[in-house]
Structures are given as structure tokens and as C-alpha cells.
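Subject: Structure handover

Hello,

Here is the structure we spoke about. Please open it first, then read my notes below.

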Amino acid sequence: MKHRIIIGVTGASGSLYARKLLQMLFTIPGELHLVISDMGWKVLTHELQAREDNFSQFIQSLTDDSTHAANITIHDNHDLFAPVASGSFRTSGMVIIPCSMKTLSAVATGCSDDLISRAADVTLKERRPLVLVTRETPLGLIHLKNMCAVAEAGATVMPASPGFYNHPDSIDAMAEHMVGRILDQVGINLPGMARWGD
Ligand SMILES: Cc1cc2nc3c(=O)[nH]c(=O)nc-3n(C[C@H](O)[C@H](O)[C@H](O)COP(=O)(O)O)c2cc1C
């Protein structure tokens with residue numbers, strides 16, 4: 001079965017990781033359900049200097065006929081009637097990238113008042129892979145306790161900490177390797193990913 005992945009984008013720094021993850025997923029077959037928070041969109045437009053008026057236009061700008069192999073649906077973060085809000089809608093997992101400390105706390109406490117936190121809650125209760133790509137540093141005790149709580153509940157906390165052992169020659173290469181490691185967590189092996197020992 002092809003993958004069906006939920007991608008949540010929140011208002012932490014690190015929007016380039018979200019862009020890279022999407023660009024890489026758009027090139028392979030599969031079903032993608034995208035949700036961006038209000039602050040996610042504001043931080044993304046600031047960091048990536050996006051000129052598009054909304055997330056749908058931004059997604060369109062990342063796709064073209066040759067790379068657009070995936071089946072993409074964009075959901076409103078305020079729409080708790082969306083399919084991904086229910087456990088009966090089967091998915092292969094969810095990635096929140098980047099994941100703010102606010103959304104981390106919502107997942108840690110089960111306070112699901114937007115679609116991203118609700119879909120994450122559902123992903124955990126259905127025992128599906130949930131990856132939270134955090135960026136915050138340094139981490140306060142509340143952040144660490146929330147990370148412990150979500151890890152105990154089955155999530156993978158994956159700080160955006162790119163490695164240097166592959167001698168990356170650009171920010172893009174660092175982001176690409178990070179995204180490859182994130183996709184490993186949801187069972188997607190992207191062709192061409194540089195791996196230690198290969
Ligand atoms: C430019 C900018 C960068 C931010 N970076 C972070 C960050 O790295 N980590 C974080 O937890 N919050 C960060 N924030 C704050 C979040 O956007 C804020 O807590 C927001 O309420 C998160 O909401 P959301 O999780 O619904 O997107 C940043 C805000 C701005 C304006």
C-alpha cells in the first residue's frame with residue numbers, strides 16, 4: 001500500500017525543513033494531507049520570503065508536472081471535521097515539521113483544539129508513527145517534560161539537528177539529510193539518501 005502521511009506545519013523556526021520535506025515527498029507516489037497553523041504560515045512567509053498569498057499557492061509553487069507525483073490535500077487547521085481528525089481514517093503516520101513548543105504542549109496534554117493537535121492525538125491513540133521535529137533551543141524544563149510525555153506516549157521527538165559527518169556543502173544538503181532521517185521514521189526510504197556505511 002502507498003503511504004498516506006499527514007504533515008503539520010507550525011510556527012516554529014525551521015520552515016525550510018517543511019519545504020524540503022514537501023519537495024521530496026511530492027516526487028514520489030503517495031497521499032499527503034497537509035495542515036498549516038496560522039503562525040506556521042506567518043513564520044514560513046517570513047523565513048522563506050514567500051510571496052504567495054496563502055499556503056495553497058505556496059504548495060502550487062513547489063510543484064510542477066515532472067515532480068508532482070503525490071496526491072495532495074490541504075486542510076484548514078480550524079476544520080475539526082476533516083478526515084484526519086478521526087482515527088477511522090487510516091494513515092501511515094504524521095510528521096509535525098517544524099513543531100512549536102506550543103503544539104508540543106498541546107500534544108503532550110491532549111488539548112486538541114486545532115486540526116494539527118487533534119490529528120497528532122489521533123495518530124498516537126491509533127499507535128501510528130508520530131514525529132515531532134522541534135527547533136527550540138535551549139530547552140526549558142517544561143519543554144523537556146512535554147517531550148518526555150509525548151515520547152512515553154509513543155511519539156518520536158526529532159530535533160532539527162543536522163549532522164556534519166556527511167560533509168554537507170550547503171544548507172540545502174543539511175536540510176535534505178535531516179528530512180531523509182525524518183522520513184525513515186515513517187517508513188519512507190527516499191532513493192539517493194546518503195547513509196553512513198554506504
Ligand atoms: C519568527 C518566529 C519564530 C518562532 N520560532 C519558534 C520556535 O523556534 N519554536 C517555538 O516553539 N516557537 C517559535 N515561535 C513562536 C510560535 O510561533 C508561537 O508559540 C505560536 O503560538 C505557535 O503556534 P502554533 O503551534 O499553532 O503554530 C516563533 C515565532 C516567530 C514570530
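In helix H2 (residues 38-48), the buried residues are Gly40, Trp41, Val43, Leu44 and Leu48. Buried means under 20% relative accessible area, exposed means over 50%, and partly exposed lies in between (1.4 Å probe, protein chains only). Helices (H or I, at least four residues) and strands (E, at least two) are DSSP runs, numbered from the N terminus. The cover over the buried residues of H2 includes strand S1, helix H1 (15-25), strand S2 (31-36) and helix H3 (55-62). Cover here rests on contact, which means heavy atoms within 4.5 Å.

Two notes on the source. This is a predicted model, in which local features need pLDDT of at least 70 and side-chain atom pairs count only at pLDDT 80 or more, while totals for chains, interfaces and linings use all residues. Residues are numbered from 1 along each chain as its sequence is written, and side-chain values use heavy atoms, with hydrogens and water left out.

**The sheet**

What is the order of the strands in the open sheet? Six strands form it, in the order S3-S2-S1-S4-S5-S6, and the pairing is parallel. The edge strands are S3 (71-76) and S6 (156-157), each of which pairs on one side only. Two strands count as paired if DSSP finds at least two bridges between them.

Now take S4 (residues 93-99). Strand S1 (residues 4-9) runs parallel to S4 and is joined to it by four bridges. Ile7 has Val95 as its bridge partner in S4. S4 also pairs with strand S5 (residues 130-134), again in the parallel sense, over four bridges. There, Cys99 has Thr134 as its bridge partner in S5. S5 and S6 run parallel too, joined by two bridges. Leu132 has Val157 as its partner in S6.

Is S4 mostly covered or mostly open? Mostly covered: seven of its seven residues are buried. Gly93, Val95, Ile97 and Cys99 point one way from S4. Met94, Ile96 and Pro98 point the other way.

**Helices across the sheet**

Helix H4 (residues 101-109) lies across S4 and S5, and runs at about 145° to S4. Helix H5 (residues 115-125) lies across S1, S2, S3, S4 and S5, and runs at about 135° to S4. Axes are lines fitted to C-alpha atoms, for helices over the stretch in contact, and angles run from 0 to 180 degrees between N-to-C directions.

Ser100 sits in the loop between S4 and H4. Ser100 is buried, with a relative accessible area of 12%. Not counting residues up to four places away in sequence, Ser100 touches Thr10, Gly11 and Ala12.

**H1 against H3**

How do H1 and H3 cross? Their axes come within 10 Å and cross at roughly 55°. H1 passes H3 in a right-handed crossing. A crossing is right-handed if the near helix is turned clockwise from the far one by less than a right angle, and left-handed if anticlockwise.

Arg19, Leu22 and Gln23 in H1 meet Phe55, Phe58, Ile59 and Leu62 in H3. By class, this contact has five nonpolar, one polar and one charged residues.

Lys20 is also in H1. Lys20 is buried, with a relative accessible area of 10%. Leaving aside neighbours within four places in sequence, Lys20 is in contact with Asp172, Ala175, Glu176 and Val179.

**Backbone points to check**

Most residues other than glycine have a negative phi, and most peptide bonds are trans. Some places here depart from that.

- A cis peptide bond joins Ile97 and Pro98, with omega about -10°. Pro98 lies in S4.
- Another cis peptide bond joins Thr137 and Pro138, with omega about -5°. Pro138 is in the loop between S5 and helix H6 (141-152).
- Gln49 has a positive phi, near 50°. Gln49 lies in the loop between H2 and H3, and counts as exposed at 65% relative accessibility.
- Arg127 has a positive phi, near 60°. Arg127 lies in the loop between H5 and S5, and counts as exposed at 72% relative accessibility.

Best wishes

Terms used:
Ala, Val, Leu, Ile, Met, Phe, Trp, Tyr, Cys and Pro count as nonpolar, Asp, Glu, Lys and Arg as charged, and the others, Gly among them, as polar.
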